[in-house]
Amino acid sequence: MTVTTLSPRPTDTATGTAVEIAVEGRWLPVCALAALTPGRGVAVLLPDGRQAAVFLDRRGDVHAVDNRDPFTGAFVLSRGLLGSTGNDGRPFVASPLLKQRFDLTDGSCLDAPDDPARALPTYPVRLR
Amino acid sequence: MSHTASQAQPGETIVVVGHGMVGQRFLEELVDRGVTERAAVVVLAEEVRPAYDRVHLTSWFSGTSAEELSLTPDGFMARHGIELCLGDPAESIDRAARTVTTRSGRVVGYDTLVLATGSYPFVPPVPGADADGCFVYRTIEDLEAISAAARSARTGVVVGGGLLGLEAAGALRGLDLDTHVVEFNSRLMAIQVDEGGGSALRRTVEEMGLTVHTGVGAQEITVDGSGAVEAMALSDGSSVATDLVVFSAGVRPRDQLAREAGLTIGQRGGIAVDDRCRTSDPRVFAIGECALASDGMVYGLVAPGYEMAATAADAVAGRDGGATFTGADTSTKLKLLGVDVASFGDAHGRADGCLDVVYADSRAGVYKKLVVGRDGTLLGGVLVGDADSYGLLRPLTGSVPPAAPEQLVLPAGLAPAAALGPASLPDAAVVCNCHNVTKGAVRAAVTEQGCGSVAAVKSCTKAGTGCGSCVKVLGHLVDAELEANGVSVDRGLCGCFAHTRQELFEIVASLRITSYQALLDGHGRPAARGGDGCEVCKPTVGSILASLAPSIGADGHVLAGEQAALQDTNDHFLANLQRNGSYSIVPRVPGGEISPEKLIVIGEVARDFNLYTKITGGQRIDMFGASVDQLPAIWARLVEAGFESGHAYGKALRTVKSCVGSTWCRYGVQDSVRMAIDLELRYRGLRAPHKLKSAVSGCARECAEAMGKDFGVIATAGGWNLYVGGNGGATPRHADLLAQDLSDAELVRLIDRFLMFYIRTADRLERTSVWLERIGGGLDHVRDVVVDDTLGICDELEAQMATHVANYRDEWAQTLSDPEKLARFVSFVNAPGTPDPSVRFVQEREQHKPDLTVLAGPTLPVRTLEGSTPR
Ligand code: SRM
Ligand SMILES: Cc1cc2nc3c(=O)[nH]c(=O)nc-3n(C[C@H](O)[C@H](O)[C@H](O)COP(=O)(O)OP(=O)(O)OC[C@H]3O[C@@H](n4cnc5c(N)ncnc54)[C@H](O)[C@@H]3O)c2cc1C
Ligand code: SF4
Ligand code: FES
């Protein structure tokens, strides 16, 4: 793999808000908040080669989970559709490949809640 | 409570021989009666795996695993202290000492013994019947052996044309073997159907590509030098060359063990039992297929076996006045083969003075016969080719039906709407035969036990969990009962909307709502308002907005504004997602006609971007393996050369296939290529509840396969015939003729109306074929609406289509000229220009394919993305 410089998208000049996620004890700036579309995600390349998926929900909350779909192994979760559950309004992403749902707050798979192998690692997020 | 010799006492031992379907059911019945808490239970089993669902054995060939077939819940034996000894059959019984000796030499003492040894397949004494390549069809191991042998075989012969034989034949056909069925009787399924039904069945089976030999027997099986099957000689002097033979010529009760122990055996086999399933020794019971019931019958079906299991369990538990078994219904429905065959009750009309009512249509392969008594009581019947009414007729057997018998056999279109629905069944009618569940029990499950869905009723009553043939009726009953209780049945699209797709379409169209959020907040279920929606309703609403865009004043581009957040990933990137996260690209090739220059461009693009290329089944070319960030550059080249999006990623018009037609073909009567191109250009970009496919053939030879399309056009000397509702795919359906000999203009007008009516009224992900069968009145209704304009909406439908045609723009060309939309096409938001390292390829046949080892996850479950069920 070629070496790439990781650079966040230029910070939105109007709001100036940037999205950062915590990776191994460090805050990594990923993009401007304005670069996120409500209800969708983007993929982020992490310094160690892993990938995260970052989502903005309708309330304005940003969530970050691992980008790898544990059911297929493909790095595609950032391309899934966002939703919220009817009963308790928890935000989730549905895998674009086989449609399993993952809770964005704790990474658990809503279709296999008791299977830790199907849960996603999550990353803390902050806006600055 | 009175004591009998066989009543289980604390500390006593019950030994069960045979762990098949009935043996396992017997154990469950013991558990239900608390017997396992006070008595020791030992099960001796010949097979190497715990009881499994033999009734659905054949589904093993279509991928149901042995685990999925298992009938023994995990931990069942341990939980109830039952000892199960697999692979160690009982070899002898010493009734004086009350012991059973197994093959391994183990001696087990019993106080009560239950024989559930089932049947063995009968193999006629034909010379060569033990050669390599001869099989029976009873256990999972049998199927494993057949499937291994089929790999190197081309032809297979099934001996026996009964229910099981046809099921085995269907399985061999499914393994791609040239399949023959040899039946000694003069017709197929001789036990269940009569002469008329047999010939209708034969025609249908032959149309499926099976060769049927009736009235002949297998005479000899000849082998080659290595001892493997080579051919079968038949009793009429003919011979069939074959690599494989499956015997399915009936079963015989496994009564050997009982016979050697001196128990009474019936003249034609079977362990004789009384109406409480006791054999001639009161300490020994026999249940299931090995038993000869007190009515003199050996039942080869699972439902009577289950009844015997309950009867014997009552006796063993010492229940006074417990169940008795005096005979059972032998109604059957063929599960496999895709042929509808059912027989129930007195199918052969053996009762005194009974009368037949018969409807037969040899062309359509339909034969229906009802047997009625002089007083109008329904006694039984045979249904071939159309067994839809089986679920209702079977429970009505024994009563006078609410409609005249002739109305019950006429096809739906010809009969005056018969007042025959689940509502007409009496409460005592047995709706589920496999588990002996009455209509009253189903209603009670809903009303008293609070079951709110078919699934809940299934787990509470077991109804519908056997052969499955009653599930449809069950659904109607549950809905009717819920509605009667004032519970409205939830037909809502998903957890966010209580409306159906059709209702949402009307809301969006009439209120001109152009935003998903506005629709959710104003019309969603209360708990869902203000939320994020879900992956079911978002694309559905996205599609409705796209279909209606110009007429409601929404932006026509699927990636415009909020609409971008509604699209499934395919629409979101205007390309098809592949299993490794890469995308494929299908440019539109209207009518399948392409110039050499354009072909060269596709070749150059594929070469320059290193894409795998393949000719699709839709007369165009697919390029696979592009990463997200390559898509704009690839499309820039394609758009420049005059290509447009082929919408292979959208629920939208796909292709209009064509044959060469009158321009070149010596048979062609119209210019099918021109018409296909015109239609494809007219409807391109049209989004619909599901994908839309079409084709135009230049004459009745139908080389474009128009009858397999959502709308298909076939040229006639006088114009065009329009067919609708065709489908290939998983459930193929031939299209129905909507109108004949249309001029060009009439054809287009009718298709406009048909498509818009479908888009307006279909459910999410419902192809035209399914829609046409679902909507009330079917094809006739659609014809009334779109040809005769009985609803007076045709002007509106045409106007909507005209707006679509006038406003069509190529999605990809628009995307390329819009930096905001283009910004989306990066692999990583924090590293634009860096391709996704997980998308890698390896070489194969001079091209490349996804390197799935990079993903190193668990294996991909096979399930279609588009067909996934709504929740
Ligand atoms: C590429 C192609 C196979 C090929 O290499 O030939 C193909 C590939 C796919 N088909 Fe197909 N189908 C292709 C022709 C067909 C045909 C033949 C035809 O159109 O003449 C059929 C049967 C005809 C029909 O649709 O009635 C067909 C019946 C299906 C079905 C079953 C539809 C059904 O109603 O039963 C699905 C699943 C679905 O849509 O839910 C499906 C779904 C798919 C999907 C979209 C599966 C998926 O979700 O990933 C595949 C994606 C292709 C891609 O990524 O590019 N494909 N598919 C063909 C593309 C044709 C084209 O040029 O657009
Ligand atoms: C392909 C196929 C399709 C079928 N379809 C239908 C259908 O649609 N509807 C329907 O009602 N029925 C159907 N049947 C019939 C149904 O499977 C049987 O009626 C049912 O399995 C009978 O149950 P049982 O327990 O009596 O016998 P089995 O399920 O055969 O079980 C008997 C068990 O006893 C074991 N055994 C025998 N002797 C000994 C011994 N000495 N010691 C220890 N163990 C022993 C056997 O190995 C076997 O495991 C079908 C059968 C087949 C093969
Ligand atoms: S459908 Fe008729 S006109 Fe078209 S190619 Fe076939 S034979 Fe020729
Ligand atoms: S009739 Fe077989 S499952 Fe109900």
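**Strand pairing and the interface**

Modeller: I shall begin with a detail of chain B in this predicted model: Phe841(B) has Pro850(B) as its bridge partner in E38(B).

Colleague: Which strand is joined to E38, and how many bridges are there?

Modeller: Strand E37 (residues 841–844) of chain B is joined to strand E38 (residues 847–850) of chain B by 4 bridges, and the two run antiparallel.

Colleague: How many residues lie between the strands of that hairpin?

Modeller: The hairpin of E37(B) and E38(B) has 2 residues between its strands, and Arg845(B) takes a positive phi near 45 degrees there.

Colleague: Turning to the open sheet of chain B, what is the strand order?

Modeller: The order is E3-E2-E1-E7-E19 (chain B), 5 strands with parallel pairing. Strand E3 (82–85) and strand E19 (284–286) of chain B are at the edges; each has a single partner strand, so one side of each lacks a neighbour in the sheet. On average, neighbouring strands of this sheet are turned by 15 degrees against each other, direction ignored.

Colleague: How many bridges join E7 to E19?

Modeller: Strand E7 (residues 112–115) of chain B is joined to E19(B) by 3 bridges, and the two run parallel. Within this pairing, Leu113(B) has Val284(B) as its bridge partner in E19(B).

Colleague: Now the interface. How many residues of each chain are in contact?

Modeller: On the side of chain B there are 49 residues, in contact with 42 residues of chain A.

Colleague: What area is buried between the chains?

Modeller: About 3,900 Å² is buried between chain B and chain A, and carbon and sulfur atoms give 53% of that area. In chain B, the residues that lose the most area to chain A are Asp532(B), Val829(B) and Asn830(B), which together make up 19% of what that side buries.

Colleague: How many salt bridges does the rule find across the interface?

Modeller: The rule finds 3 salt bridges between chain B and chain A. One salt bridge links the side chains of Asp568(B) and Lys99(A), at 3.1 Å, N to O.

Terms used. Residues are numbered from 1 along each chain as its sequence is written. Chains are lettered from A and ligands numbered from 1 in the order in which they are written. This is a predicted model: local features need pLDDT of at least 70, side-chain atom pairs count only at pLDDT 80 or more; totals for chains, interfaces and linings use all residues. Side-chain values use heavy atoms; hydrogens and water are left out. Contact means heavy atoms within 4.5 Å. Buried area is the accessible area (1.4 Å probe) that two parts lose on being put together, summed over both. A salt bridge is a side-chain nitrogen of Lys or Arg within 4 Å of a carboxyl oxygen of Asp or Glu. Two strands pair if DSSP finds at least two bridges between them. Axes are lines fitted to C-alpha atoms, for helices over the stretch in contact, and angles run from 0 to 180 degrees between N-to-C directions.
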